[in-house]
Structures are given as C-alpha cells and as structure tokens.
Amino acid sequence: MIKRILLKLSSLVFCLSLLLINETNASWVDSASINNNQFKTGDWTPPIVYSVGSGCPEGTSRSSSPLYSLTISGNDPDGQTASLSKGETYILEASGTYQHTPGDSTKVADPAYTSLDGWGNLYSEMGIFETAAYRGVTSLLADLGRGVGIVPWGDFQTSHQYSVSYKPNTNINAQFLVSDWYGDWYDHRCQNQACISNNEGSLTLDIYICVDSQESDGSDSGGGQGGSQNPSPSPSPSPSPNPSPDNTPPTTTLTVDAGLVVDEKVEDNNGFETSGSVPGWKERNEVSLTGAEFEMSPREGTQSAKIGHSLDDYDYGNQVWLNGLGQTIDPGAKNLSFYYNFYTYDYPYDQPGFSVFIDQRPVFDLWAVDVWDYFLGYDFIADTVNSDWQKAYIDLTQFQSNSLGISFYAGNTNGYGDFDDDGLDDYDFQSWVYLDEVTTTEVVANGGTTFYLQADDDHDNDPTVFYQVDGEGEHQASSFNLGDHDSWDYDVYYWAVDDSSNSEFPNLVKVHLDKEAPDEIDDLSVNMTYSSSVSLVWTAPVDEFGEGNEVRAGSYKIKYQPVISGDCSAFDWSSAIEVEVPPVPRFPGEDQFFEVKDLDSETNYCLAVQTCDAALNCSPVSEPVFAVTDPIDEGLIVEAGDVVINELMWMGSDLEGITDEWIELRNMRDYDIDLSDWQLIKRKSAGGEECMYTFPTGTVIRANDYLVVSEYDSDNSAININCPSSKCLENTGNATLFALSNDNLQIKLYNGNPFDANGQLVPGRADLIDVAGDGGDPFFKDEFSEKGHYYSLERDKEPNESGTDGTNPVNWHICEDALTTVEYWDGDSTAQGTPGGQNRSKNELKVDFERSDDGKSVSFKVFNTADWQNLEYEITYDSDQGTQGILGTIEIKGENIITRESLKLGTCSSEGDICTYHTGIEKLKLKIILGVGQEQKIIEKNL
C-alpha cells in the first residue's frame, strides 16, 4: 500500500531559464570526457545544494506509476509544485530539453547541462559543473523545504534523462523550476529571471514514491541514471475479491461567511496572455493586448489589456464610454481585484478617465487630476503621467443580482473646451488604462471574517480537512478566522485527506487582512435642495489599508428617511431608505458631492452616510442632516421635445421571446416632469391609432433621467434593471395592446388622452410631445435580421427638440455595444441595449466653430464623420455691407475629422493675398449638412 501522504506547505519550485550568452568567451568541454563529475561548490556557492540519493531503500521499489507527471515550461518563472510527505522516499525523474536562446535551436539545455552547439560539446560555465562561474543558470532547481537550490542530477546523459531520490524530513509542498538566472545569485542583467520569457520548450518531471516491493508491480528498485536500467517486473498480485481501491483524493471548497465560495469566476482568466481578441471578454472599440510601451511593462507575464487611445492628437470618438472591456460572471464571490496602470495626457479635465462598473453601478474611477495630485504629488502639465501599477479591491457582497456584469472603461471626457488657449480642446488629449490580473480568487477579510472548509469525496463521507497560514503549523479544523493575526498579506493553504490516505493537492488563497474601518464622516451638510432631490457635500474620509497606507474608502452607504418633525431626533438608520447607486469615494480630504434623487416635493428628510471598505469594515454612521425639498414649479409648461422616446426594444429578447418588449423615455430638461395620465399611442395594423399605455397618476420622470415601460417585470424579462421601480414601469394592462409592431411601427407620446369617448383622435385634445418611427417597418429592419441577434433601436444622443425628428431614420441607430449585454441584460442573454441608461453605442457628431482673435476669419472642425460620404457647409452673417455667405462642399474619404481653417470674412483676390474685410459682423451661423445616399444630417452652430 502506498503510505499515507500528509501535506504540509513550504515551497518547491521548478523553473526554466533563458540564456543570452556571449559565445566569444565560452568554455568548451567534450561531452564524451565527462565522467563521474560530482557537483562541488568550487569558487561559487549557491544558497542551497540539496543532498540526494540514487534509488529506493532496501526492501522497497519505485511505484508502478508516478504520483505526479509535471510539465515544466521553459518560460514559466514559477514552475510546478508537488506535495511530498515526511519520511517517504521519492524518485525524481527529470527529462527533456528546452531552447534557452531565442531563435537558435543549437543553444539548448536539459535538467542539468547546457550546450551551445546542439550537444556536440557541453558549456562548462552553466549547469552543475564544479568550476562553473554561473553554475545553476540553466539547471532544473528545486525547493525541497529549505528554499530554492541546486539539485545534483549527476553525470551528463545523452538521453537527457536523470534520476535521483529524495527523502523529506517534513511535509513539504515542493516546487520545481528552470533557473534562468534565478534570484540574485549571479549579479547579472538577467538575474531574478528577468530573461525567462523567451525560452522555448519544456522539461518533464515524473515523481514516484518508494513502496514495499511486494506492492510494486514492474517498478524500478534502484532508479539508475536516466531511467536507462529497468529491472524485471515483479509478479502481479493475485486478483482481490474486494472492490477496486480508492485512489481519488477529496476536493475541498473554501467559503467565506454567508456561503461565498472562493474560486475563479472570471472566465478565461489567463492574465491576458493570448493573441488576437481577449478571450472570455466582450470588447468595445479601442481595446487591445499589448506588451511594454510608454515605459509600462505588464504587471505579470508579457501582456496586459489596454483600453483607450494613447495618441495625443485629434482622434475624436474616444470618449471614456466608447472604449470598454467587460464580461458577465456568476455571483457568490467575496471580492473582485485587479491591477491597473492609468495614463493620461489630459490634466485635469478627464473626470473620469477610467471607470469600473458592476451592472450599472460605478464602483471605481480615476480622474486625470488624481494621477497628478494623488500619485505624483504635484500639478503641472507634462507630456504624459501615469499611476504606475496599483491594485484595487471591490466588495461584491453588495450586489444581489443573478449575474454580475463587470465593465472597465477608459478614454476622454468631453465638454471642457480649450482650457489653455492653445487652439486644442479636451478632445485632443487622451487618457487610457492598462489592466492585468483580474480575479475573484483573493479575499479581503476583517478580523471577524470566518472561513469554512468543506471536503467532498466519493468514498469517504467525512474527509479530514487541514489549513495552514503562511509558514505556521498545519491545523485540522473545518473553520477558522484570522482575528489573532496582525499582518496584511497571508497565503492560506487548505486541503483534505480521506480514509484511504489520498491527499488532495493543496489549494492556495491569498487573504488580505484589514481590521480597521474608514474614518467617520463628521462634516456632512446640505449643499442644495430641489423639488425632488437634495444635494449633499462632505469630506472624503481616510481608510487605512495594508501596512500604514492611507487610501480612499471602498464604498458609501447613503440613506434617507422622511420625518414629520423639523429635526432628525427620530431618524432610524436601520429602517431608512438606502440609495441604490451611491458615488465612488473620492481621495481622502477631497470634497465629495452627491445628489439624492427620487424624493417627494415639500417634504422633510433626514439623510446620513456611512463609509465601508473592501473587507466590510464600516465606519460609524454620520450625524444625519435635515433638509426640506422645494415645491414644484406649477408654472412649468411642457413642450414638444421635452420628453422623447429614446429607445425601442421591438424585437423582444433571446431569453423571454418576442413579447419581452419595452419603451424608454428620456427627460431632456433639468427639472422633473409629471407624466400622470400621459399616453403612449401606436399605429394599428389595420389603420388608425390606439392607446397602448397610460401612465399611472403620480408618475414622474426625473430631471435628465430615463424611464422604461416594460411588458414584464425583472423576473420575467431578460433585462436586469429593477422593474417595477421608479425607473421602470411594468405594463399591467392589455399585453396585446402594448405589443410593438414589426411592420408598421410608430409610437407617439401625448401629455394626456387625445381620444374622445368614441375612440376618435381629436386634434388639440392633448399635446403631441414626441414621435418615434414613420409607420412602416422598424428602421433598419433588414439590418436587424442580418445580424441575427436581439438589438434595441436607439435615438441619437441629442435628439432634435422639434418633437417630430423621431420619424427620420437618420436620427436613430442600432445598439451595437457588446458591453451593454454585460451591464443591462441577464447573464445568458446576448441581447444589446441600454434600458434606463444613456445611449452610447454610436459615436456622436460634434462641431467646433470659432472666430479668430482679430475677428477677420472663422474656422470649424467636424468630428466623427467617417460614416458619411459628403459634407456641405454654409456660413452666414450680417455685416455693415449686408448679409454675407460662405459656401463649400467636401467629399469625405473615410476621414473621421473634417477641418476648414481661416475662412475669410470678406472678399479676397484670387491669390488670397489681398482682402477687404467686412465690418460690423454679427449673427455668425454655421450650417453643416452631412449626406450618405438619401440620408442627411443637419447640424447648426451659432457664434
């Protein structure tokens, strides 16, 4: 029987190496002359040289099959591991060769020796020679319980197969690695395995255990050199009437607190070490895998994911929401962690330049100013600055949905203009980010976090579970916490052993212990009040994270409660209403602003804030503040275009079928609009119109916000926004009436009931606010069919305010944004759309129009023109000499930016060198007409 293997964790590493050798200084030894060359320390002594034997002890022989068969990649600095038990004797059989110099197949190494000419000679400065200046550079090293050191593999074997025995004096987790200038032993430019990434090939290590000879069938009792001697097999044991033995180890699951499983939920998490697209992730626009650039080296391996443009020139269409990387993961993890390196040219105007969302909630961001002021400590403009590699941890327990959509965005934040009067505005400067090591396998725990171990085994109903924290002794227990520990980072190993002595290979989880809560907010105050909201301000608190690091907090909890009295003496935090989407905490000491919305007008409220970190340490609740919301301005007149039909899901969804339809409205104004008794009217297939939905009394669409009307609630729809809620209404009326037509689609929004008692449309009975569709097929219906997926129909970002432009297809587009699947839809859906959120799947047209300082000329720039064929422009103005005009036509040949500069406001000679300028110029107006086929887009700009 194979003796019981108990696991105790030290570390044992096999690593591979890359050698860049100066051949003119090489020493050569004929391989045929190497005999019985035993390893000696000579003029150089590595930290450790392990003592090994040559075979199994008397009365035992090598097991018939290996316990471990390890492939040790030539470019993996961490190698492979194997659990070895105290008192057992193991046979380590290493074989194979790998190429240690890029592009040269003659420069090779095996587990013990090196050659520069395809094994014609051995290179005496490497391997295990007794006088090697760089002994061990290419050797297969091992950590057999005392740290990484040299294994004396013995004489050179032309078969490149080597065999030694080893008996550990304690339970170890042995690690094997190809050296490749391991550690700082050599004082060489490649030390610490800096050159390992270019090796090609791998080595093989088979690990056998020595067992009683009568238990071995056909095994080797002596091991020999390179496995070249194979003694006759022992007789096979007689068949046993008992059932086949249990040779399968148990498996252990680690959970945290309330059933949160510690495992990898990020799909295809290989550290972005691949080619082409990013496997497992959905990409949007400017996303790539890249190696070192801009003095940035990947955090781990040879590549990282890059999001956003890095050019400091005119490259419009790069806004932060247009470049993204995301995926949907299963819930149940404790934390999400990732490394980021944020770069920017754009101090201080990208706010933010990097954002992380879970579902539709922002959980992390960086502004350009953060890189300068927080990471670098100064604030002047240079070519580019960056944060260096930083690590972020997000608590996932605050999200309760059936799937979690994780999205990373980076890019430019528009709308700030020419901040330094150099003729370049915020569109001309970029921000971007590099990502690496996105994972859910690490845990940020507080002192009270409990870890539970549950082992499963097909034969043993109650395997024994063990855990070990760093180098401490092993513990036999099914639960534990780290409350009595004081450091920050811990490697926690856990495993199980069944009653047949099968030992599970140890599992590793990295635990970050954080016992300190963020500081309490002590200056919360009311900044402004409105009819349906209250603006708060406070100083962002300090959170101590790690070894004395003062960082920003992980998240806020903001709650409010209506009160009858004129103070907050009756405020109860536990029963107060929690804000669904709180802000991302700013850096310590900065002002934090937030507007609490969805409040009733003329109502007393108390509001308070609590701060938490990624370990779920939470500060005391702030002192509540008292506020009274303003009355509604009864004099407001709602006009056409104040509310628009912004998005239509007329196709249904892939998960719930063709009736899973919805309509989204958008409030174009900076004040709330009461939709009580408003109606959505649709065209009937047989002609005429009918009411499809009446808004309930009390329905309000908040300022600059969105409101969805859905056929189904959240449980029965593929969209993952909360419905019904203040942002989503469920249709509880006639489902047939609500259905969106697939062949005569037109929806109208009225601010009341436009029909008389006989169902006849009466002009003037209610005001027409907006129209979507022209009554024929849904816009781009053929394109929808060709794509074969479920996409929404989205209005362009800034609809014309006439209230009728929704009838023109040029003002609509198909939502083609893979990241919307991650953020707005259930995990298994492939549909795309942004219900309840901003339409951002199309790069919006933008026009800059300006007059020169001397007033004698104008210039314009049109961004995002690549999808159009031609551009006509018309500049008109009044002057003392009468009304004037400048006309022109430009053929667009795929350019994304069209520019015309120094257009003279006057008349000039044919050569342009003599001009008579108009005087008294006013009412300058630019009209841009973009065309493609029969479609046109008109943009106007005034100075």
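Are Cys723 and Cys728 buried or exposed? Both Cys723 and Cys728 are buried, where buried means under 20% relative accessible area, exposed means over 50%, and partly exposed lies in between (1.4 Å probe, protein chains only).

The structure is a predicted model, in which local features need pLDDT of at least 70 and side-chain atom pairs count only at pLDDT 80 or more, while totals for chains, interfaces and linings use all residues. Residues are numbered from 1 along each chain as its sequence is written, and side-chain values use heavy atoms, with hydrogens and water left out.

**Disulfides**

A disulfide is a covalent bond between the sulfur atoms of two cysteines. Here the term is applied to a pair of cysteine sulfur atoms within 2.5 Å, and the structure holds five disulfides. The table presents some of them, including the link of Cys56 and Cys210.

| Pair | S to S distance | Torsion about the S-S bond | Hand |
|---|---|---|---|
| Cys56 and Cys210 | 2.0 Å | about -80 degrees | left-handed |
| Cys612 and Cys618 | 2.0 Å | 105 degrees | right-handed |
| Cys723 and Cys728 | 2.2 Å | -70 degrees | left-handed |

The disulfide between Cys56 and Cys210 has sulfur atoms 2.0 Å apart. Cys56 lies in the loop between strand E2 (28–30) and strand E3 (60–62), and Cys210 in strand E15 (residues 200–212), so the pair ties together parts that are 154 residues apart in sequence. Strands (E, at least two residues) are DSSP runs, numbered from the N terminus. Cys56 is buried, at a relative accessible area of 12%, and Cys210 is buried as well, at 9%.

Elsewhere, Cys691 counts as partly exposed at 23% relative accessibility, while Cys815 is buried at 0%.

**Strands and sheets**

Strands of a sheet pair through backbone hydrogen bonds, either parallel or antiparallel. Two strands are taken to pair if DSSP finds at least two bridges between them. An open sheet of five strands shows mixed pairing and the order E29-E35-E34-E31-E32. Strand E29 (443–445) and strand E32 (475–476) stand at its edges with a single partner strand each, so one side of each has no neighbour in the sheet. Within this sheet, strand E31 (residues 464–469) and strand E34 (residues 489–497) run antiparallel and are joined by six bridges. Phe466 has Trp495 in E34 as its bridge partner.

Strand E53 (residues 747–750) pairs with E54 in the antiparallel sense over four bridges, and Tyr750 stands opposite Leu768 in E54. Strand E54 (residues 768–772) is largely enclosed by the rest of the structure, because four of its five residues are buried.

**The surroundings of Tyr877**

Tyr877 belongs to strand E59 (residues 870–878) and is buried, at 3% relative accessibility. Leaving aside residues up to four places away in sequence, Tyr877 touches several residues, among them Gly882, Leu905, His918, Ile921 and Leu924; contact means heavy atoms within 4.5 Å. The side chains of Tyr877 and His918 are joined by a polar contact of 2.7 Å. A polar contact is a pair of N or O atoms within 3.5 Å; within protein, one must be able to donate a hydrogen and the other to accept it, and residues adjacent in sequence count only if both atoms are side-chain atoms. Tyr877 and Lys925 stand 48 residues apart in sequence, and their C-alpha atoms are 6.3 Å apart in space.
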